[in-house]
Amino acid sequence: VHRAAVLGKPIAHSLSPVIHNAGYAAAGLTGWSYTRVECAAAELPALVAGLGPEWAGLSVTMPGKEAALAVADAVSPVAAAVGAANTLVRRPDGSWYADNTDVSGMVEVLTSAGVAPGGTVTVLGAGGTARAALAAAARLGAASVTVVARRPAAVDELRPVAGAVGVALTGAGWADAAAHAGADVVVSTVPKGVADPLAGEIRWRPSTVLFDALYDPWPTPLAASALAAGARVVSGLDLLLAQAVGQFEQFTGVPAPRAAMARALAAHRTG
Ligand code: SKM
């Protein structure tokens, strides 16, 4: 028996079990199961310490990603640079390895959408997803990253991450958000509703790729405006799948049956 779960609070909304369990079925991994566990950040260390040897891996979502990094016995360079882990992998000796597949997933969805190396990147928002976006931008060889934040001090909190991953970071205020949407890549990490007013303000270049981390409801007004202008758009659902693929392969050690996982996610979403 092999077990895995997603930890977070709240957690009832998580689609991770749908994706991972479909993957186990398609890969013929009998005896594997994946569940949701409600877990606040402060509860995470005790919960992880109490898991038996059948536990092969954990996905970690808000608010536990910093705590996940802290409990790990070893940490990937990217998780260390970002300061957060969404993945805890059990190693043969029982210890835990922390990684961040949000970053590799973001790189993958942006590359699939046609993002070429060396472009300019604008990130809307300066929270946890923005940290992952900085690391993804670095991997994509971004020439520069502009972070547009409602709170200027939030940009300064990202400077250590930018330094660790090696990208040049410029801060901008929210009033200038539309002006910075002419970048080659625009990554929106802000909560539901925050970017809606920009939909009517931005004059999208058709060559821009927009990644909007939201997915419910889809398209967001921002995504709809970019699509209407002929820009390429990727969603938070695309990232959810890509980051889960990375976790699946680390948990199980076998290639992820991506198409089956994508189908299960799509079927679940349309009911
Ligand atoms: O990073 C992911 C996490 O692995 C799982 C998740 C979810 O289940 O909703 C969302 C993201 O935070």
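R3 stands opposite W55, a residue of strand β3 (55-60), and that pairing is a handy way into this predicted model. Local features need pLDDT of at least 70, side-chain atom pairs count only at pLDDT 80 or more, and totals for chains, interfaces and linings use all residues. Residues are numbered from 1 along each chain as its sequence is written.

**Strand β3 and its partners**
- Strand β1 (residues 2-8) and β3 run parallel and are joined by five bridges; two strands pair if DSSP finds at least two bridges between them.
- On the antiparallel side of things, β3 pairs with strand β5 (residues 87-90) over three bridges.
- One of the bridge partners to look up here is V89 in β5, which goes with G57.
- Five of the six residues of β3 are buried, so the rest of the structure largely encloses this strand. Buried means 20 or more other C-beta atoms within 10 Å of a residue's own, exposed means 12 or fewer, and partly exposed is in between, with C-beta atoms placed from the backbone.

**Around the ligand**
- V6, S14, S16, S59, T61, N86, D102 and Q243 surround the ligand; a residue is near a molecule or strand if its C-beta atom, placed from the backbone, lies within 6 Å of it.
- That shell splits into one nonpolar, six polar and one charged residue. Nonpolar covers Ala, Val, Leu, Ile, Met, Phe, Trp, Tyr, Cys and Pro, charged covers Asp, Glu, Lys and Arg, and the others, Gly among them, are polar.

**Helix α5**
- D102 from the ligand shell also turns up among the buried residues of α5.
- With 10 of its 12 residues buried, α5 is largely enclosed by the rest of the structure.
- After α5 comes G114, with a positive phi near 100°.

**Two domains**
- The chain divides into domain 1 (2-100 + 238-270) and domain 2 (103-236), with bounds from an automatic or database domain assignment.
- Between the C-alpha centres of domain 1 and domain 2 there are 25 Å.
- Where they meet, 13 residues of domain 1 are in contact with 17 of domain 2; contact means C-beta atoms, placed from the backbone, within 7 Å.
- On the domain 1 side, α4 (77-82) and α9 (236-252) are the elements giving two or more residues.
- The largest share of that side, six residues, comes from α9.

- The peptide bond from M62 to P63 is cis, with omega near 5°, and P63 sits in the loop between β3 and α3 (65-71).
- Another cis bond runs from W218 to P219, with omega near -5°.
- P219 belongs to the loop between β11 and α8, and T220 is found in the loop between β11 (209-212) and α8 (221-228) too.
- T220 counts as buried because it has 24 C-beta neighbours inside 10 Å.
- Leaving out residues up to four places away in sequence, T220 touches D212 and L214.
- D196 is 24 residues from T220 along the chain, and their C-alpha atoms are separated by 7.5 Å.

Note on methods
Helices (H or I, at least four residues) and strands (E, at least two) are DSSP runs, numbered from the N terminus. Two residues are in contact if their C-beta atoms, placed from the backbone, lie within 7 Å.
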